[in-house]
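Thanks for coming, everyone. Let me put the structure up, and then we'll walk through it.

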Amino acid sequence: MKNTKLTKMTGAMLALLMFTTACTSAPVPASSAAPAASSAAPASSSEAAPEAKPVKFIIPLWNPSAETVMTELGLVEKVKAKIPNLDVELEVLKETEYESTMKIRNQSGELPDVFPLQQKWLSTFKDSLAPIDGIQAVANSLYAA
């Protein structure tokens, strides 16, 4: 039973990371990024701005095992390799405090962009969740409908 929960949690986190990758703008290829950084006059300021500004992305977890699996599989590093200016941080909370912490963050308007939820919590956070209809990353999900 514990392995099944861990597998589901890991799968959910992998889906979240893939969703994040799918929803962000495409990174500038390394071959074209280097000349823009080293040239004296960039082509336009609008092209250079997205690369220069790092984005912090915190993913809260309620299970330390999920962090271990994500670390061992190198999932965070794979996302960082695709999106260099994305700083992904895994925040492990105590399982007994996760739901209340997310409720407090919800009330104060400080929910993270992506966070795992148990199905029983969906009604609590429904007004704060973005619709995922039509997103290719979740097209085959049984729970996305």
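Let's begin with a question: are Tyr98 and Trp121 buried or exposed? Tyr98 is buried, and Trp121 is buried too. Keep in mind that this is a predicted model.

Now, confidence. The chain averages a pLDDT of 73. Of the residues, 62% score at least 70. Confidence is highest in α6, at 95. It is lowest in helix α2, residues 30–38, with a mean of 37. Over residues 20–46, pLDDT stays under 50. For that stretch, the model has 13 contacts beyond four places in sequence. Where pLDDT is low, the predicted coordinates should not be read in detail.

So let's look at α6. This helix covers residues 98–107. Which of its residues are buried? They are Tyr98, Thr101 and Met102. They span an arc of only 95 degrees around the axis, which puts them on the same side of α6. On the other side, Ile104 and Gln107 are exposed. What do the buried residues of α6 pack against? They pack against β1, residues 55–61, and α7, residues 122–125. After α6 comes Gly109, with a positive phi near 75 degrees.

Back to the rings. The count comes to four aromatic pairs. Take Trp62 and Tyr98: their ring centres are 4.9 Å apart and their planes sit at 65 degrees, so this pair is edge-to-face. Trp62 is in the loop between β1 and α4, and Tyr98 is in helix α6, so the pair ties together parts 36 residues apart in sequence. Trp62 is buried, as is Tyr98.

Next, Tyr98 with Trp121. This aromatic pair is stacked, at 5.6 Å centre to centre, with 25 degrees between the planes. Trp121 sits in the loop between α6 and α7, and Tyr98 in helix α6, so this pair ties together parts 23 residues apart in sequence. Put together, ring pairs link Trp62, Tyr98 and Trp121 into a cluster.

One more residue: Glu91. It lies in strand β2, residues 86–92. How far apart are Glu91 and Ile59 in space? The C-alpha to C-alpha distance is 5.9 Å, though they are 32 residues apart in sequence. Leaving aside neighbours within four places in sequence, Glu91 is in contact with Ile58, Ile59, Pro60, Leu61 and Arg105. With Arg105, there is a polar contact between the two side chains, at 2.7 Å.

That's the tour. Over to you for comments.

Methods
Residues numbered from 1 in each chain as written. Predicted model: local features only at pLDDT ≥ 70, side-chain atom pairs only at ≥ 80, totals over all residues. Heavy atoms only, no water. Buried < 20%, exposed > 50% of the residue type's maximum accessible area, 1.4 Å probe, protein only. Helix = DSSP H or I, 4+ residues; strand = E, 2+ residues; numbered from the N terminus. Arc of directions from axis to C-beta. Contact = heavy atoms within 4.5 Å. pLDDT = per-residue confidence, 0-100. Polar contact = N/O pair within 3.5 Å; in protein donor to acceptor, adjacent residues only side chain to side chain. Phe/Tyr/Trp six-rings, centres within 6.5 Å; stacked < 30°, edge-to-face > 60°.
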